[in-house]
Amino acid sequence: MKKKLVIIGNGMAAMAALEELLKLDACIDYDITVFGAEPHHNYNRVLLSQVLSGEKPAEDITIHDDKWYRENGIELKAGVKVSAIDRVKRAVITEGEVFYYDKLVIATGSTAFMPPIGGADKDGVFTFRTLNDCERIREAVSEGGKEERRKVAVIGGGLLGLEAADAISRLGADVTVVHLADMLMELQLDATSAELLLDDLQAMGIEVLLNKETVSIEGGESVSVLKFKDGSVLEIDTVVVSVGIRPNIELAYESGVYCKRGIVVSDTMQSYDPAIYAIGECVEHRGRTFGLVGPIFDQARVLADHLSGTARLVFADKPTSARLKVPGIDLYSAGCVTHDGDDEGVDTIEFLDRSSKLYKRIFIKDNRIEGIVIFGDTTDGARLFGYLQEGRDISDIRSTILFGEGVKSGGVNIDTMTDDTIVCGCNGVTKKMIIDAVETKGLFTRADVCKETRASSSCGGCGDLIDVLLESVLGSNFESATATGICECTKYTREDIIKNIQERRLLSVGEVLETLGWETVGCEACRPAINYYVSMVWPLEALDDRSSRLVNEREHANIQADDTFSVVPRMYGGVTTPDELRRIAKAADDYSVPLVKITGGQRIDLIGVKREDLSDVWKALDMPSGFAYAKALRTVKSCVGKLHCRYGTQDSLTLAVDLEKYFEGLWMPAKVKLSVSGCPRNCSESGIKDVGIVGVKGGFEILVGGSGGIESKGAKPLIIVETAEEVLDITAAFLQYYRESADYGERTYKWVRRVGLDRIKKSIIEDDLRRAELSARMEEALSGTYDPWKEKIA
């Protein structure tokens, strides 16, 4: 028999949980009943200010209609309030009816906080929280017609208060914001950004009163005057109170569910009653309550995971960002920006151009971003927030971090983009198509946009711009792409997958998909990644899944534009012999290879080999595979070094051959290239390799994290050592650390930038024990390597 699942609440949190259950095909296990206190369908609360201003009708922000509930077998009781929960009988009680449950989810959200102000119960005093609030405020502001401008006070200078003030101003009212603190948005801004915001609001015709504590609302049945603690008054005829929210815990508390500020839940969103779960703005998790949709959607995924029986995910709070959704004002804040100047260990990087009203400031501790505030040009917000969430070491980009990599650096300005501007050139997706999808489909992440519109599904180059568009529509409720899983098939992150592979001893792609309850059979993004992660964790026992490899790795050769292949045999350190050259020439003649070319990695490439001739060509060459097609060690480029060059200080040639023989056949998260130069003249281009070794007087300097590809990056100095043996030992530890902690497809230059060179040095240079452990695991991985060409021939 199906279990009975009852959900109290029809808001965004509850519906996100149901959508996640649907993705897991777990709704078929339950008879589901949803109670919603509001008579409306589920709607996108993030866009309420646009309904208030009249920019959108209420139906435009509806996410799910009656048809969605019917098609998914969900019974919706809209406008029905649950009056009690009988935990002993496991039943919820409405007016005149009883509904029994096996599992109960409380998602009652929050209520608008009303401070203890005398006269707050008078006509003309409103809160701003629901569609009904919007209708009532619009009706009050429109009284008197165009001839009589209403005087509206908005109590609260926070995010929602200012968005409400702007919306009401656009309805034609005279608006005054009344705020208790000495600066606007004091939880999200510093003094400079708050000052710039104040200037812009006043320029828009919105008056602002700071340091004002409202003690009473005066008048007859309706309001006419606000009285402040300092004795001053403000004549008004409408008041909107927006000073924050409070978790709606009344029903849970009266039913005996343990509550503090919110319903107390565990990391699995379970209350102290094992049959009752809670998510959203009504919960308290590890002392924190929540008001933005990003963490609430994470809670929904965790809840669905446990209701489905998978029970693998846990909720962890993450940093959040906020963007003010007021047209004409570009303001972004993330993390902690309320540090005092005397906070120990916290420093800042700032830029201010008052005449242009451009301001950027990041708060830094231990070389990692803790807070961000941007005013005037917020296109870098998503990028900087990504660094904050990753905990990336920014010491190598401090001098350019505020300006170097933003979308706007290419001249793109979201506000000046027309609706027809192409955002995704690969798939012809315009700005309007994306914004319409976000607003009408309830999208919150880059992955959502990709699934709905195909934008960023090809090269991915428009991803950052999509994030900027998402933030421009959703403001503080934008869910960063870093919060999603490794692909659209799953919400599992790299860390989730590797943890399960280790703890449950999963040895194949199939075992991972089955054990973790994958939502599909996998895709070309997740299957190769899982195949690598399994082989990385269990190098000697993993079962390689050929179907999970891309075509080049399946065929052990690079496919060309005409569907033929290129064959690159291994030449250790770029060294070959006359006999090998004769075999290469003969194979090229015998199999009519149309092009033979010297590669940049000091090897020879036979281009145009037919698929059916591959094995015969490999056999005729009788040389190891060069892995030119693989996410593996490609080449170790070298110069002749001191054996033959009069400038050489070290034997680069021998070291290059030894390194290539040692690491050949080793699978990596992405392609890896090494180089050894015999002297600082650097003829082997060691400064742009994943690992570059430069001979210096008395030893070798090791450089890491370079790239000469699409994004050229100079390698960073790691250490100077005396012997070739030390080079091998440190290179092995570095590559194993990279293999174990990089994302699949992440090149070393990105990994070094993300992890931080200081952390890498501490792990493989300063910590002898850690280096020995990494080297030992590298030895184990290398013991399982093989030559795929020889295996295929055999």
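1. A quick word on terms to begin: a residue is called buried under 20% relative accessible area, exposed over 50%, and partly exposed in between, using a 1.4 Å probe and protein chains only. By that scale D330 is partly exposed, with a relative accessible area of 21%.

2. Please keep in mind that this is a predicted model, in which local features need pLDDT of at least 70 and side-chain atom pairs count only at pLDDT 80 or more, while totals for chains, interfaces and linings use all residues. Residues are numbered from 1 along each chain as its sequence is written, and side-chain values use heavy atoms, with hydrogens and water left out.

3. On to the charged pairs. A salt bridge here is a side-chain nitrogen of Lys or Arg within 4 Å of a carboxyl oxygen of Asp or Glu, and searching the whole structure gives 47 of them. D330 has such a contact with R323, at 3.4 Å from N to O. R323 is buried, with a relative accessible area of 5%.

4. Another salt bridge joins D743 and R494, whose closest N and O atoms are 3.8 Å apart. This pair links distant parts of the chain: D743 is in the loop between α20 (724-741) and α21 (748-755), R494 is in helix α13 (residues 494-503), and 249 residues separate the two. For reference, helices (H or I, at least four residues) and strands (E, at least two) are DSSP runs, numbered from the N terminus. D743 counts as partly exposed at 33% relative accessibility, whereas R494 counts as buried at 8%.

5. R771 counts as buried at 16% relative accessibility, and D729 as partly exposed at 30%.6. Salt bridges also link E55, D166 and R170 in a network.

6. Now the rings. Rings of Phe, Tyr and Trp (its six-membered ring) pair if their centres lie within 6.5 Å; planes under 30 degrees apart count as stacked, over 60 as edge-to-face and the rest as tilted. The whole structure holds 14 aromatic pairs. One of them is F35 with F99, an edge-to-face pair at 5.0 Å centre to centre, with 75 degrees between the planes. The pair connects distant parts of the chain, with F35 in strand β2 (residues 30-36) and F99 in strand β6 (residues 97-100), 64 residues apart. F35 is buried at a relative accessible area of 1%, and F99 is buried at 14%.

7. Which geometry do the rings of F290 and F315 adopt? Their centres are 5.6 Å apart and their planes meet at 80 degrees, so the pair is edge-to-face. Here too distant parts of the chain are linked: F290 is in the loop between β20 (283-285) and α8 (293-307), F315 is in the loop between α8 and β21 (321-323), and the two are 25 residues apart. Both F290 and F315 are buried.

8. F734, Y737, Y738 and W751 make up one aromatic cluster.

9. Finally, two arginines sit over rings. The criterion is NZ of Lys or CZ of Arg within 6 Å of the ring centre and within 35 degrees of the ring normal. R392 lies over the face of Y387, 4.7 Å from the ring centre. The charged end of R505 is over the ring of W538, at 4.3 Å from its centre.
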